[in-house]
Amino acid sequence: MMRHNADCSLRLAALVAAAFCLISHASGATLESPSGQIQLQVNPGSSAAEQIFIKSQGQWVPALSSAYAATSVVAAGIPDFTHACRVETATQIPHGILVKGNCDVGIFEQRMLSTKDADVIHVVTTFNANPGIDVRAVEDRFDFMPARRDANDPAGPLDFVWSQDIKSNPSDVIANWAFKSPVIMMQQGSVFAALMPTVNDRHNDPLALDLDVTSTARPWLSFGAFSTQPYGHSYFSRYSEGFPRIVKGQNKAGYPIGTVQYEYSIVASEQPYKSGYRRVVRRLWAEEGHQELMTSNDLQQNVLRPELVTFDDWATDTWGRYADDVYHSFPCGNRQCGTLASDRNPSGIWTKRAPDAWFNTWFETLRSAYGWYIYGRRTNNKEIQAKAETILNLALSSPRQDGAFSTIYLVNDQRWLRSDSWAGFGDDYHALDMSWTAYWMLLWGRDLQPERNKEILDFVRPYGDFLIKHQLPDGVIPSWYNSQLQARTEFGEFNAETAGSALFLVALYKATGDQKYLDSAQKAMDFITHDVLPRQRWFDFETYLSCARKPFSFYDRWTAQYPQNNLSQILAAQAYLELFEANKKPQYFETGKRVLDYLLLTQQVWNNPALRPKVVGGFTTQNTDAEWSDAREAYAATLLWDYYKATGNSEYLERSVAAARSTFAVAPWENWAHVGFEDESGALTGFHWGAGSGMTSIEMMMPTLGDAFVDLANQAAVGFNACSLHNLRIDKTAIAFEVETFPAQRSIRIRFAGVDPHAKYRISVNGNPAATVMGAVLAQEGYVVTV
């Protein structure tokens, strides 16, 4: 093994693009970062021809290794045959190493290049087939070198492993259709490694990632060019009859006809225990998401109704036309009740629909009413405010049993149901739905109508007491309760839905000051920390009982991952933040940021050219489903906005804006390309999982963000409403930036934070002469420009 070379720094001047050191030796070549974070050794003819080392605790340790070459080729035949390639030469080139070798059915080369990041090597793999050879697949595979534990070890064979999809069969892969945040990762101790495909926003290539943790002595990761085929609801397997994308003519690099080429980055470095994924999350947004957002002024333009562009367009259509279409009003007791109907069938019989009210985690009628009320207040429309309040009246009229309450109302039948029969157990009370609804009741009283606080607290306090009564000693709160209020076996002793109830309990503590609710919330989130996070067992109702159905015992024994759903991650990250605000214990804030960053692995960081709508910023759902831009991104948007306000991290601000805008490209449908690969809308599940949920988030964020937002204190800026704001420069009270709008020649109001009300600011937009604005005016009214 090569040692760190002390003369490396003397050769840095020869490198223009990146600060890496190239070392040639008789048997091959070495590429090393001068900071000592990563080292690539290529040794032709060796049984470990390509090796990646990282510096860990002051020592070079192996992270990744290939045998005689990382690359292998599958050629068509009867049967198809896999040809292992062999490295024959490794030579120094500007900023990297050129590896060449033979695969019997053709020749390959890898350009392994330094980058601006000290722990990243970029790889360009090219294969040229011999005449008459039909190529099925070209793939680069690396063994992960740290020793793993036994496959059945309760802690898992590795400390951390992640892929967007998990496997139902050993031949399953992570197809390009699942590249929302394209990466696969492994970590053991401080040794972290990841493969990050380079995506193409002009054409959709047949590419795929693969990994296996338990089937061989060493776990392995791979990436390459080969076709996949879907099966089941959302799984993809290797397609034995498919072909990779073949370059049909000479490409820019001069490669001839018959060339297969793909690119990816290797990220490898010493990272904190189980937290290397956060390094990748930062890089995904810096390298992909940020640029995509800056060039996506039209992100919120609807794919099928292109006349809907700005949030003003959407407000008129959603809160006016759509809300009027689905609003129903009816007497309940001595007051008027109402609903914005989803017209769903609670048993999943979609041919039988009728007006309804759903107060559940997906279709939260009260949350949409909250947004509708804000809109009515913003536009001084008392009628809309009154209509929205009738929905609160309905929620507060739900029949209760020792604090538990029903969450679905059938208007025509004048009948309440305890919960959803399609994605749950309809005869039982569902704690997550009750907690989410009670949480929004408390926000209503706090933010909209304080005069109704007493009535709200009279309703939700018995429910809070119900949760405390049924909370188990380890902190878990069982999910479902039958008519005798006995917990079901399913999710009775373990679930991640507990985080949603903790969120409500924190809010109840803030509203009442009663310590028992804070203690219960803390106990619940300690359960999440100690029992859910170690193996990322994010089990909620959607993980098993929605469209990606599977037994509660399902486990991917090949990648050593459990099924997981990000709805509970959203609620957990929110609960950690609000718990920190309540008890001021920093460990909850730090854990909340860890969970938030893990959630962000399910956020889309690019616009897939195979899909008509722009999708950057949207969220998928779980590792056994494949949809793009699911409506939960409205929940994630406000969550990210809250974390930006708490941290000042501009990435969270940008991701928040991208999530908020992405809903509208596909609304009113709940998502796009539900099975991952079909360029079509998902299901129309109703007002509250699409336009209504999306516009509620906009109403919550727009008072601060305006059409665009500049935060002077954090030196952050972003376009919010069909615009981009970039290149912010701040020099004391001189502010300059560029703005682009869609459509052009539109007036926008830019809101500012961190303003000194006594200062006199000079603002220049798009290089135009600066205008003088007093700080007090800027803080109160913002700044209107036409661009």
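Modeller: Let's go from the whole chain down to a single residue.

Modeller: This is a predicted model, where local features need pLDDT of at least 70, side-chain atom pairs count only at pLDDT 80 or more, and totals for chains, interfaces and linings use all residues. Numbering runs from 1 along each chain as its sequence is written, and side-chain values use heavy atoms, with hydrogens and water left out.

Colleague: How many helices and strands does the protein chain have?

Modeller: Helices (H or I, at least four residues) and strands (E, at least two) are DSSP runs, numbered from the N terminus. Here there are 15 helices and 38 strands. The radius of gyration, taken over C-alpha atoms, is 28 Å, close to the 28 Å that the globule rule (2.2 Å times the number of residues to the power 0.38) gives for 787 residues, so the chain is as compact as a globular protein of that length.

Colleague: What share of the residues counts as buried?

Modeller: Buried means under 20% relative accessible area, with a 1.4 Å probe and protein chains only. In this chain 62% of the 787 residues qualify.

Colleague: Where is D119 found, and is D119 buried or exposed?

Modeller: D119 sits in the loop between β10 (106-114) and β11 (120-129). D119 counts as buried because its relative accessibility is 4%.

Colleague: Which residues does D119 touch?

Modeller: A contact means heavy atoms within 4.5 Å. Leaving out residues up to four places away in sequence, D119 touches several residues, including Q37, I266, S269 and R279.

Definitions and conventions: Buried < 20%, exposed > 50% of the residue type's maximum accessible area, 1.4 Å probe, protein only.
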